[in-house]
Amino acid sequence: MSDSEKLRLEHQAARLFMRRYEKQFGVPMRHIWHNTPRKPDVSCYLDGEQVDLEIAHLYGSEEEAKQVLGRSLSDETLAALRHLQKTPPNHRLLEALNQVLCKKSAKCYESKKVWLVIRNLNPHWQTAQFAEHTHLLLPIERHPFEQIWLLSDHDQDPHCNILRLDDLSV
């Protein structure tokens with residue numbers, strides 16, 4: 001993935017999260033900009049206070065990421081995707097989310113207020129499925145985030161847009 005594509009995806013995720021957060025809670029979230037690597041990806045203002053957003057994308061597997069991003073799929077990738085269909089979706093969902101949470105929780109940021117926004121780009125997983133299974137996520141002993149959010153693009157229910165996950169700390 002190129003740096004420009006990564007920036008574009010982060011910007012899209014931040015804007016979508018801000019719109020949905022604002023709609024769900026009625027609190028203005030505005031003015032975003034990208035940061036240097038030592039800070040979270042994006043900064044914005046939440047009701048006049050700066051909040052830094054670290055953006056992560058959840059695809060499932062590397063093969064699913066290629067498919068979601070519209071990459072050319074080799075025979076090997078197609079075979080791996082067929083094999084993934086035999087794995088229970090909830091198991092794959094939890095495994096992928098746990099991997100993202102563990103990876104991001106190990107980071108340190110130069111910021112006072114950091115939220116993690118995990119954008120689910122897997123069209124087979126809905127926010128309701130995540131909500132149903134959050135009790136099965138691995139507890140995170142330490143992380144730098146004030147709040148952790150899941151943002152889904154593919155929900156049919158417009159009222160089930162974002163899900164707060166930061167009750168996962170030990």
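This is a predicted model: local features need pLDDT of at least 70, side-chain atom pairs count only at pLDDT 80 or more; totals for chains, interfaces and linings use all residues.
Residues are numbered from 1 along each chain as its sequence is written, and side-chain values use heavy atoms, with hydrogens and water left out. Local features need pLDDT of at least 70 and side-chain atom pairs count only at pLDDT 80 or more, while totals for chains, interfaces and linings use all residues.

Start by selecting L58, L97, L101, L116, I118, F130 and I148. Within the largest nonpolar core, which has 21 residues, these touch the most other members. A nonpolar core here is a set of buried Ala, Val, Leu, Ile, Met, Phe, Trp, Tyr and Cys residues joined through side-chain atoms within 4.5 Å. Buried means under 20% relative accessible area, exposed over 50%, and partly exposed in between (1.4 Å probe, protein chains only).

Next, colour β3 (49–58), α4 (89–105), β4 (114–120) and β5 (147–152), the elements that each give two or more residues to this core. Helices (H or I, at least four residues) and strands (E, at least two) are DSSP runs numbered from the N terminus. Helix α4 supplies the largest share, 6 residues. Another core, of 19 residues, lies apart from this one; A13, I32, V42 and V117 are among its members.

Now go to N120, in strand β4. N120 is buried, at 0% relative accessible area. Its side chain reaches the backbone nitrogen of N122 at 3.0 Å.

Finish with the cysteines. C44 is buried, at 0% relative accessibility, whereas C102 is partly exposed, at 43%. Counting a disulfide as a pair of cysteine sulfur atoms within 2.5 Å, the total is 0 disulfides.

Notes. A polar contact is a pair of N or O atoms within 3.5 Å; within protein, one must be able to donate a hydrogen and the other to accept it, and residues adjacent in sequence count only if both atoms are side-chain atoms.
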